[in-house]
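Have the viewer open as you read.

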Amino acid sequence: MAQTRTTTRPGTRRPVRQLLAASVGNAVEWYDWYAYTFLAAYIADAVFPKGTGDSLVPLLSTFAVFAVGFFMRPLGGLVMGAVADRRGRRAALTVTILLMSASSLLVGLTPTYASAGVVAPVVLVLARLLQGLSVGGEFAASTTFLVESAGPGRRGLFSSFQYVSTTAGQLVASGIATLLVDTLDERTMDGWGWRVPFWFGGLLSLVGFWIRRGAEETRSEEQRQAPRPGLLEALRRHPRASALIVGITAGGTIAYYTWTSYLPTYAELNADVSRSDALLAGTVSLAFFGLLQPVGGLISDRLGRRPLLLFFGLGFALLCVPLLHALDGSFGVLLLVQLAGMVLLTGFTSISAAVNAEVFPPRVRAAGIGFPYSLAVALFGGTAPYVGTLFKQWGHAGLFPWYVAVLCLLSSLVYLRLPETAHRELAR
């Protein structure tokens, strides 16, 4: 985080193209990832046995596989982050999107339990492991790529496009899921309808690969000529920075996955909201959320990162429980709850890429970000749907909002001690 003299960065010569290369590929990556969440109920019915009569058993199995994919993300963040630090950001980005294309097609081709028995969940687990490897590497490489592409005083704005594109991918996944649910009958959806988004995602990934091939490398010439960092160098030499990213991320990731992914299912299970209404509310709120991201990024470039992080963390700590308890089965209340959460969440998501990149030196920036961030997401974000559904099965669904609030409060304590980096020059 030390100040350095100003240098010409490769990525700043064509900033719009850089944003497009990062954003389109990232949107495709996250479309594939979230299509699984939105169609979890259908995947559960097709791929897992019905169990002992408890209707939540297949759904819990599906969310457990969702969590398994998250636990590959630290490995992806470490390995693909090292590729980005050694071979360049663009090289890592092209590999991650090819992995996502293969894994998405594999989910779409997963056999049913009725036709293949235990092979069906095994194939699904393999596909999710590949997706986790890809997404973990994607965040490490694209975060670094975006922030290094930004001009002076614009890191927050460029950072916000990490979640603009992520939200775009979610939005397309949610929109397609909603369209399929509304137009196809249950028998068709259970049969082949749920597979369509994954076949489509595999093709979209190839489009993203083509666009990324034309991006400019953002790693400086000095870094290209320097000795290549070791795989674990970031963890060995910067343990405090690694721990700091875990603390920054814990509350943000549980709130993010609760509000953007799990809330439709939570509303179905705990407030008797219809599946179509839950998906529609999720789609509308995601569009609103995407529009807020550049606003948050611009504010952080003016006022700093820490005020926005505290706005998010303390806001969620105080309001998460009353917001989730306000759900009463109606579409209107669900939509208002989702929109309120999205406003608070923007304080974290719009600047998380910039905050993470500003913590590590350029030599190990991608790998340094990738592993601790993905580890925190795996521990707290990836398990959110499973934990929430498990509380419901135990008969204590009301504990889940408190779980989210406590994690956000703990992250807020980290934000209070976080040094302000918005107006420092990014180390090259």
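What share of the 428 residues in the chain is buried? Buried residues (under 20% relative accessible area with a 1.4 Å probe, counting protein chains only; exposed is over 50%, partly exposed in between) make up 59%. A word on the source: this is a predicted model, where local features need pLDDT of at least 70, side-chain atom pairs count only at pLDDT 80 or more, and totals for chains, interfaces and linings use all residues. Residues are numbered from 1 along each chain as its sequence is written, and side-chain values use heavy atoms, leaving out hydrogens and water.

The chain has 20 helices and zero strands; these are DSSP runs, H or I of at least four residues for helices and E of at least two for strands, numbered from the N terminus. Its C-alpha trace spans about 65 × 45 × 35 Å along the principal axes.

Now for the aromatics. Rings of Phe, Tyr and Trp (its six-membered ring) pair if their centres lie within 6.5 Å, with planes under 30 degrees apart counted as stacked, over 60 as edge-to-face and the rest as tilted.

| Pair | Centre to centre | Between the planes | Type |
|---|---|---|---|
| Tyr163 and Tyr256 | 5.1 Å | 75° | edge-to-face |
| Tyr256 and Tyr257 | 5.1 Å | 85° | edge-to-face |

Tyr163 in helix H8 (residues 155–183) and Tyr256 in helix H13 (residues 239–271) are 93 residues apart, so their pair links distant parts of the chain. Tyr256 counts as buried because its relative accessibility is 2%, and Tyr257 is buried at 3%.
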